[in-house]
Structure formats: structure tokens, C-alpha cells
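The points are grouped by topic.

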Amino acid sequence: MTNKIHFVIAALALLAGGICANAQTVIDTRNTSLVIKAEQGRHPQILYYGARLQPGDAASVGLNGKVFDLYPARFDRTSEPDALSVEMPDGNVSADLRTESVKESAWDGGKDIEILCKDPLYPFFTVKIFLRSYTEENLIETWAAIHNAGKKPVILHRYDSGFLPIQEGDVWMTSLHGGWADECRVVSQPLVNGTREVSTHGGVRDNAVAHSEVMLSLDGKPQENTGRVIGAALEYGGNFEMRVVTLEGTHRFFAGISPADAWYTLAKGEEFVTPKLAYSWSDEGLGGVSRNFHRWGRKYRLAHGGQPNDILLNCWEGVYMDIQEPVMHKMAADVASIGGELFVIDDGWFGSEKYPRDTDIQGLGDWQLQKKKLPHGLQGMVDCCKDLGIKFGIWIEPEMVNTRSELYEKHPDWVLNAAGREPVPGRGGTQMVLDLCNPAVQDFVFGILDGVMKQAPGIAYVKWDCNNIMRSPGSPWLKNQNHLYIEYQRGLEKVLNRVREAYPDLIIQACASGGARVNWGTMPWFDEVWTSDNTDALQRINIQWGTSYFFPAEMMACHVSASPNHQTGRVIPLKYRIDVAMSGRLGFELQPAQMTEEEKDICRKAVTEYKKIRPVVQCGDIYRLVSPYDGKGLASLLYTNEDKSQAVFFWWRTGFFRNDHPARVPLAGLDPAKNYKVTELNKVEGEPVSALDGKTVSGAYLMASGFYFPEKDVYNGHNDWHSHVILLEAQ
Ligand code: DGJ
């Protein structure tokens, strides 16, 4: 059907007062509007996304700029990139998505739109485009359901979740990159002509390298608290691709599953539903978008969002795999004695007689308890912790297997590896990924967690680790190896659904050699993440800063560890280490037996104070004030509660040079009309406190002038590692 005929149909419909009356749809959230146009027989279009429109504006927005398809498919445009690219059964590699119908409905938190599109030449091929708004959180989700009702397969070459055109000129993209122990490094770059891509290809938990969340600052160089910003997050844990194609002054943003080595064959009758793309607009800078995502994540995405997480001791950096029951009991008693709420045994507690998990080269897959390490079993630990008035948690790494394990000897076919090739192991030279495409393996993996929980029903917390990527892509189970990355993810999701069905109250931490699994696709089954294996407080400031762009403090596990630090060798005073860890979900990861009584007292006091500020820190609104990435020798941020009656201010010196005076830091996010009592927390003998400590000052003053901390006394011999945590309480 030609464009002309479509136009005539549309015009007739309009005359009849029918379908075209609703062609334009406005989706308002509290502060934003999205305007789309879906006329019968035409490509659905996006006319506007940004600040909330006034009534009547929507009719004109489409005229004021270039108009783009809402879900561009390969059809009749030259040099335009696409969200969807398909190969029809006859080999035709084009798709023409014409609106067939539009459904609109309300749900508790906003609006739902479903636009059904059909290809006139291939009427069996349909795409439903979905949009869901979250009114209070200023967030929109979009995704697509691609359906083949034909008799022969259709091959999807690209199948993005969504698309957004951005017509502002000086746009910068901020994305998060890194590696092991260096996660979430913030990278901001101006968008120039060409394509900028952020993607992963590791198949499993590859977010240490790149994140499926980006910020697009629309008013030039990104600012934390000013300027218009769109933030976008693909809710997917597998390989993803986000790209911005800049052509002729317009930036085209696409996000979806990475199609690399993943062409998808859509069988007859099959529907492929893409993951959701969530996006949010704010004119309060990067911070505004972060706050929207945090609120949305807490309310709608985290397994137990909005419920503050426990203060724990994890034994990993304290003893590594040298697990001995009396030592574990003592560690549990030590954390209880400083006010902690949970003790976690990490890696090393299991293994067969042949392959005990005493080193990382063996044992994964053989999930029997090592009796010689824990003679009274996991139940013994649950009981011990119960007696101490705390909870107990345990580490597992269920998706993985060592070639040195009885499991591998029995089921070499349960492991991912390209057919006919030598195994390509990861950690320890023996670690392989189990084939979660295979339903029998899914049962086995679920059975690991289920078995642990049945052994000791009182377990309150599980650290679910995942320390490998797919090094050699190939599933012995799958017929079509192009589906490997997608089927792995589907298999994992099936297992996690079973886990949540069976154990809805369990608190589960997503760990992946640290933060390699931090994304909004994975989090719905989890409560928190192990932010990084790097527990060095200085580098943690940078890592936690980047993580906070999209993820709330509630899910950011931040542990005080020993000094010198095990990852960097850096020696950092306890107060500074605590002051950094207190800005997320506070925990400890050391051997308390190696601490002095004075150090334990400092921790005890910090835990008591943290309990007071925990709701604001974990579930409050973040205002990032001075970025560690700006090279100012300091970093600072603040959390407020919803009614701004309480706030907690963090300030860390990140570099020290003589006579290099740290700048005054004006606050943000307070109520200017409220008067706040200033209370310095974590006071340690000999360390400076704010000159305003104990005073009451207005929010207006604090936001205009802020805190100033003079250079530390250089004569006392410890002039660096200067930090402050300050509680502000409205009077
Ligand atoms: C990697 C994790 O990130 C660490 O915290 C620890 O759990 C080890 N795995 C255990 O092998």
C-alpha cells in the first residue's frame, strides 16, 4: 500500500470523526510530557518529550522540529538508523510498521499505551509498541512485542526496546565503564557526528565493563544539579547495546539487546518481547534523573525496595576460604557486639571430599557442606546467630562450575563451550558457566539455593555470586546458537522466578566479582549489590558515585575493610573508611579479632549513629554536590528525606596538597525555610569537627553558603584523610 493511499484512509477516517480523533496521545507525568501520534495506517511517531506541556501545547509540538517514527523500522528512509531490522520469510529485509489500533488505559501509577502495528505487505508480521508512565516518578517505560503469525520463520536482525530522538545541539552523554575493582567509572563526552555505542558482549554479568544506563545532558557539559537531562536504563541483564547516532544536528538514541551474534529466529506463531527501556527527564541536572530512578527503583523494581537493609559482617576479607566454625562463631559475636544485624559466611564452606572448596580452582558445583569446616552445619550457624540476636547469611555461586568438580565429571554437557573446542575456563583456570538454556540445569541451579534453604530454614540472606563471563559461546542444549545469549538470560530469569516464588522474604545480594551485575534488569529479584570487590575507601568514593547515578544507596553494599587495603595496599584511617561506607548500606568485611578495643568502640558508635540516619541514607533523595571526578580534591553529597526534615551530609577530602584549601560546599535539596540543627557524626578524638556543630542554621543559609572545612592541622602528623558526616535535623 502506498503512502498516498494511507493518507486517504487517514483523511476519510478523520472526516468520519473516527480513529484519527485519538491519533495524538499525551502522556503526562508530574513534570514531563511525551507526545506521540499514532494515526491509523501510518507509522506511529514521537512528537515531543521533555518538560510538562501546558494544556493546548500538544497540538503544536509536532510542527516545531523534525518528526521521527516512534519505533523506526527498516523501510523507506535513507541513512536513518533503525530500532527494528527483520528478514521476512521471502528474504525481504524491510518492515513497514503501520498503526492498526491504539489502546490506552490507566493503571495505579500512571498510564498504559499499546500501539498495534502491522506490515501491509506481510500482514502476519505485527509489532506492538508499549508505553507505560510512572506519574510520580517522572518515568516512562517502552518496549515492543514482535509477533510472527505466519507459517515460516522471520529472522530478527535487530530488535531494540526503544528509541528517542534528541534535537538539542550540544548534548553530552554520560556513561559508566570500568573493570574488576574499578566499576562505574563516570565518562562524559559531547556527542558529535557519527555513532557512539555502549555495549557488552560477555553474555553473563558483564556490567563491570559497561552499563546499560546512560545520561544525556541536553544543555552542554553535564551538571549535577542544573540543566535538562534524559536518563535511560535498559532493564536487561544480558548483552545490550545503547547507541546514539548523530546526523544532521539530531541525536538518535536506541537501546536494546545487543544483536551481535544474536540474530533471533522468530518461529511461526512466536512472539518476542523485548526488555523494557526506562527513561526519565529532569531539569534538575543529573541528580534530578538519579532521584527519579531511585524512587522508581525502590517502589517498583527492587525485591524489597524501600525496606532498609541490614548492617552486616561478611567474612570474606577477614578469613577468605579458611572457614572454621569457632572462628565463625567469634566473628558473629563480634559483629553482634558492635550492633551489627547479620553475619555472612562467604565462599569456601562447601565441596566434595575429592574437591573441597579450599581454593578457587575447585569445588563449584559440589554444594555439599564441608563438615570439617562447619561440624554443626549451616543450621548450627543460624542457631548461633539467633542466640546472638542477629541473622545469618550464606554465599553461593550457583551458575558456575569448576572443571575440578564431581558435577563436571558427571555432566560435562551441562557447561557452555563452543562445540568441538577446548574448554575456555575463567577464574582459577577451571571455572566454567553452566548452561542455563538447559531446563535440567535450571532445575539444578534452583536446587542449589533451595537445598541450602532447606538445610537451614532460618537463613535470612544469600549472596548470589557470579564470577565468569561466557568465554566460549556455545550451548550443548540449544539448536540455534544465535539464541545463546538470549536463552541464557531467559533460563536465569526462570530460575530467579522460582527462587522468589519459593523464598519471597529472603534478602538476596547480587554479586558478580563485585558490581558486574548492577542493572535494572537483574535487580527485581535482588535487594542489593556488592558494589565492588574494591573496598579501598578512596576508590570506593568514585565507584559509589557512578553507581548512584541510577541506583539508590539502599542497594549499594559498602563495607569497612582492613587497612592496609587488600586491593590497593593503601593505608586509610578507620574514621575515613567508616565515613565512606556510611554513605551506602553500611557493612564490615574484616576480621574483628584483629581490631583494637578502641577501633571496635569507634565502629560501635558508628553503627549506632548509622541506625539513626539509615532511613535517610538508604531511602532518601540524593543530591550530589562535588564530584570526585572534577579533580577538586574533595567529594561531597547529601541525602534528604521526603519532607526535608532530615538530611545527612557527607564530605571527603580525596587529595591533599599543602596550602590547597578545600572549597566551600553549598548544599542542595534542603527546605530554605526550615532551620536545621547541625550535628557532626562519627566524632573521633583529634579529628576536626564542623564549626557549625551544635548550631541551628537555616536551609537557605546552608544552600547559599554551605559548609567550609579548613585544611587540617598539618602539625599533628596526619593531615590527609579528612572527612565529615553531618546530620541536619529540622527544628
Ligand atoms: C567474588 C566476590 O566479589 C567476593 O566478594 C567474594 O565473594 C569472592 N567472589 C568469593 O570467591
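Gly-306 lies in the loop that joins helix α3 (285–301) to strand β21 (312–314); helices (H or I, at least four residues) and strands (E, at least two) are DSSP runs, numbered from the N terminus. The model is a predicted one, in which local features need pLDDT of at least 70 and side-chain atom pairs count only at pLDDT 80 or more, while totals for chains, interfaces and linings use all residues. Residues are numbered from 1 along each chain as its sequence is written, and side-chain values use heavy atoms, with hydrogens and water left out.

**Surroundings of Gly-306**

- Gly-306 is partly exposed, at 42% relative accessibility; buried means under 20% relative accessible area, exposed over 50%, and partly exposed in between (1.4 Å probe, protein chains only).
- Leaving aside residues up to four places away in sequence, Gly-306 touches Arg-298, Glu-554 and Cys-619, where contact means heavy atoms within 4.5 Å.
- Asp-527 is 221 residues from Gly-306 in sequence, yet the two C-alpha atoms are 9.9 Å apart in space.

**Domains and their interface**

- The chain is assigned domain 1 (7–301), domain 2 (312–530) and domain 3 (624–730), with bounds that come from an automatic or database domain assignment.
- The centres of domain 1 and domain 2, taken over C-alpha atoms, are 35 Å apart.
- Domain 1 contributes 33 residues to the contact and domain 2 contributes 29 residues.
- Between domain 1 and domain 2, about 2,400 Å² is buried, and carbon and sulfur atoms give 56% of this area; buried area is the accessible area (1.4 Å probe) that two parts lose on being put together, summed over both.
- On the domain 1 side, the residues that lose the most area to domain 2 are Val-204, Arg-205 and Arg-301, which together account for 28% of what that side buries.

**The parallel barrel**

- Eight strands, in the order β21-β22-β23-β26-β27-β28-β29-β30, close into a barrel with parallel pairing; two strands pair if DSSP finds at least two bridges between them.
- On average, neighbouring strands of this sheet are turned by 30° against each other, with direction ignored.
- Helix α9 (residues 484–502) packs on the sheet and touches β26 (461–464) and β27 (507–510), its direction making about 170° with that of β26; axes are lines fitted to C-alpha atoms, for helices over the stretch in contact, and angles run from 0 to 180 degrees between N-to-C directions.
- Five bridges join strand β29 (residues 556–561) to strand β30 (residues 585–589) in the parallel sense, and Leu-586 in β30 is the bridge partner of Cys-558.
- Helix α11 (residues 574–581) lies across β29 and β30 and runs at about 170° to β29.

**Strand β11 and its partners**

- Seven of the eight residues of strand β11 (residues 172–179) are buried.
- Strand β11 pairs with strand β12 (residues 182–190) in the antiparallel sense over seven bridges, with Gly-179 standing opposite Asp-182 in β12.
- A hairpin is formed by β11 and β12 with two residues between them, and Ala-181 in the turn has a positive phi of about 65°.
- Strand β11 also pairs in the antiparallel sense with strand β14 (residues 210–217), over five bridges; there, Trp-172 has Ser-217 as its bridge partner in β14.

**Backbone features in loops**

- The peptide bond from Ser-563 to Pro-564 is cis, with omega near 0°, and Pro-564 is placed in the loop between β29 and α11.
- Tyr-320, in the loop between α4 (316–319) and α5 (325–337), has a positive phi of about 50° although it is not a glycine; Tyr-320 is partly exposed, with a relative accessible area of 31%.
- Ser-513 likewise has a positive phi of about 50° without being a glycine; Ser-513 is found in the loop between β27 and β28 (528–530) and is buried, with a relative accessible area of 12%.

**Cysteines**

- The count of disulfides is zero, a disulfide being a pair of cysteine sulfur atoms within 2.5 Å.
- Cys-466 is in no disulfide, and the nearest cysteine sulfur, in Cys-511, is 8.9 Å away; Cys-466 is buried at 0% relative accessible area.
- The closest cysteine sulfur to that of Cys-603 belongs to Cys-558 and is 15 Å away, too far for a bond; Cys-603 is buried, at 1% relative accessibility.
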